[in-house]
Amino acid sequence: MNLGMNDQKHVPGRHADRVGWCFRMGDPLPHISVRNLQRKIRVSVGELESFAAGAVQRCLQLRKEKRSDLRKLREVFVWLISDRRMVVLHRQFLGQSGPTDVLTFQHGEIFISVETARHHARAFGNSLMRELELYIIHGLLHLHGFDDQTSDEARNMRAAQEKILRCLLIKAPAGP
C-alpha cells in the first residue's frame, strides 16, 4: 500500500529516558540539526536545516493542546544516511528487509535515506530537496503525535504535511 511517500515509519524510542523534558507554552522550540552521513549524493545541509527550523515551528502550531514528544524535546536530529545504513536500521528496529525512506525515533532522531529520497523524487516528479523537506516534515509530525497506520491517519498526516509545506514555501524568499 503506497500512502504517498512510500514506507515511512515511526519507531518507539531506543532511549526513551532522553524524553524526560517538558515544555510549557512560551518555552523555546527544540533545536534542530541536520547531519549528512552519506557521501553519494550532494545535499545542501544548511538549506535543509533552515527549512527544518521553520517546519518545527509550524508542526507545533498544529494540535496546540496536544502533549507530544516534539513538545518535550530540546533537540531533534535529522540524519541523512545511505540506503546501506537504512537497511541495517530498518531490519534492527522494525524487522523488515530493504531500505525505507524515513525512520523516526520518539527521542528525537529522524533518519532519512538520501538514495531512496532521490529515487522517490524521480518517481513522483519532485526535486530531491522537496522530497527531503517532505520527509523532514513527516518525521516531525510523527514526533508530534501524528501516525499513518490507517488510511484515515495517513490522509490526515498528508494534509498536515501539505499545509506545512505550503506555509513554508509562501514564506520562502524568491530565488534569483
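Is H144 buried or exposed? H144 is buried, with a relative accessible area of 0%. This comes from a predicted model.

**The surroundings of H144**

H144 sits in a loop. That loop runs between α5 (128-143) and α6 (151-171). Two backbone oxygens lie within reach of the H144 side chain. The oxygen of L62 is 2.7 Å from a polar atom of that side chain. The backbone oxygen of C59 is reached at 3.3 Å. Neighbours up to four places away in sequence are set aside in the next list. Beyond them, H144 contacts C59, L60, L62, R63, K66, S68, L70 and R71.

C59 is itself buried, at 0% relative accessible area. Another cysteine, C167, is partly exposed, with 26% relative accessibility. A disulfide is a covalent bond between the sulfur atoms of two cysteines. How many disulfides does a search of the whole structure find? The count is zero.

**The overall build**

The protein has six helices and five strands. Read from the N terminus, the order is β-β-α-α-β-α-β-β-α-α-α. There are 176 residues, and 46% of them are buried. The protein exposes about 9,400 Å². Carbon and sulfur atoms supply 49% of that area. Among contacts between residues at least 6 apart, 71% join residues at least 24 apart.

**The nonpolar cores**

In soluble globular proteins, nonpolar side chains tend to be buried together. Here the largest nonpolar core holds 37 residues. Which of its residues touch the most other members? They are I112, L140 and L141. Several elements give two or more residues to this core: β2, α1, β3 (75-81), β5 (109-113), α4, α5 and α6. The largest share, nine residues, comes from α5.

L140 shows who meets whom. Apart from residues up to four places away in sequence, L140 touches I32, A52, A55, V56, C59, L70, V76 and I110. A second, separate core has seven residues. Its members include W79, M86, F105 and F111.

A55 is buried, at 0% relative accessibility. How far apart in space are A55 and E133, C-alpha to C-alpha? The distance is 8.8 Å, although 78 residues separate the two in sequence.

**Salt bridges**

Side chains of opposite charge can pair when their charged atoms come close. A search of the whole structure finds four salt bridges. Among them are the pairs in this table.

| Pair | N to O distance |
|---|---|
| R35 and E49 | 3.4 Å |
| E115 and K40 | 3.3 Å |
| R155 and D152 | 2.2 Å |

Take R35 and E49, with their closest N and O atoms 3.4 Å apart. R35 lies in strand β2 (residues 31-36) and E49 in helix α1 (residues 45-61), so this pair ties together parts that are 14 residues apart in sequence. Both partners are partly exposed: R35 has a relative accessible area of 39%, and E49 has 25%.

Next come E115 and K40, which meet at 3.3 Å, N to O. This pair links distant parts of the chain, 75 residues apart. E115 is in helix α4 (residues 114-124), and K40 is in the loop between β2 and α1. Their surroundings contrast. E115 counts as buried, at 16% relative accessibility, whereas K40 is exposed, at 65%.

R155 and D152 form a local pair within helix α6. They are three residues apart, about one turn of the helix. Their closest N and O atoms are 2.2 Å apart. R155 is partly exposed, at 45% relative accessibility. D152 is also partly exposed, with a relative accessible area of 46%.

Key. Residues are numbered from 1 along each chain as its sequence is written. This is a predicted model: local features need pLDDT of at least 70, side-chain atom pairs count only at pLDDT 80 or more; totals for chains, interfaces and linings use all residues. Side-chain values use heavy atoms; hydrogens and water are left out. Helices (H or I, at least four residues) and strands (E, at least two) are DSSP runs, numbered from the N terminus. Buried means under 20% relative accessible area, exposed over 50%, partly exposed in between (1.4 Å probe, protein chains only). A polar contact is a pair of N or O atoms within 3.5 Å; within protein, one must be able to donate a hydrogen and the other to accept it, and residues adjacent in sequence count only if both atoms are side-chain atoms. Contact means heavy atoms within 4.5 Å. A disulfide is a pair of cysteine sulfur atoms within 2.5 Å. Accessible areas come from the Shrake-Rupley method with a 1.4 Å probe; for residues, only the protein chains shown count as cover. A salt bridge is a side-chain nitrogen of Lys or Arg within 4 Å of a carboxyl oxygen of Asp or Glu. A nonpolar core is a set of buried Ala, Val, Leu, Ile, Met, Phe, Trp, Tyr and Cys residues joined through side-chain atoms within 4.5 Å.
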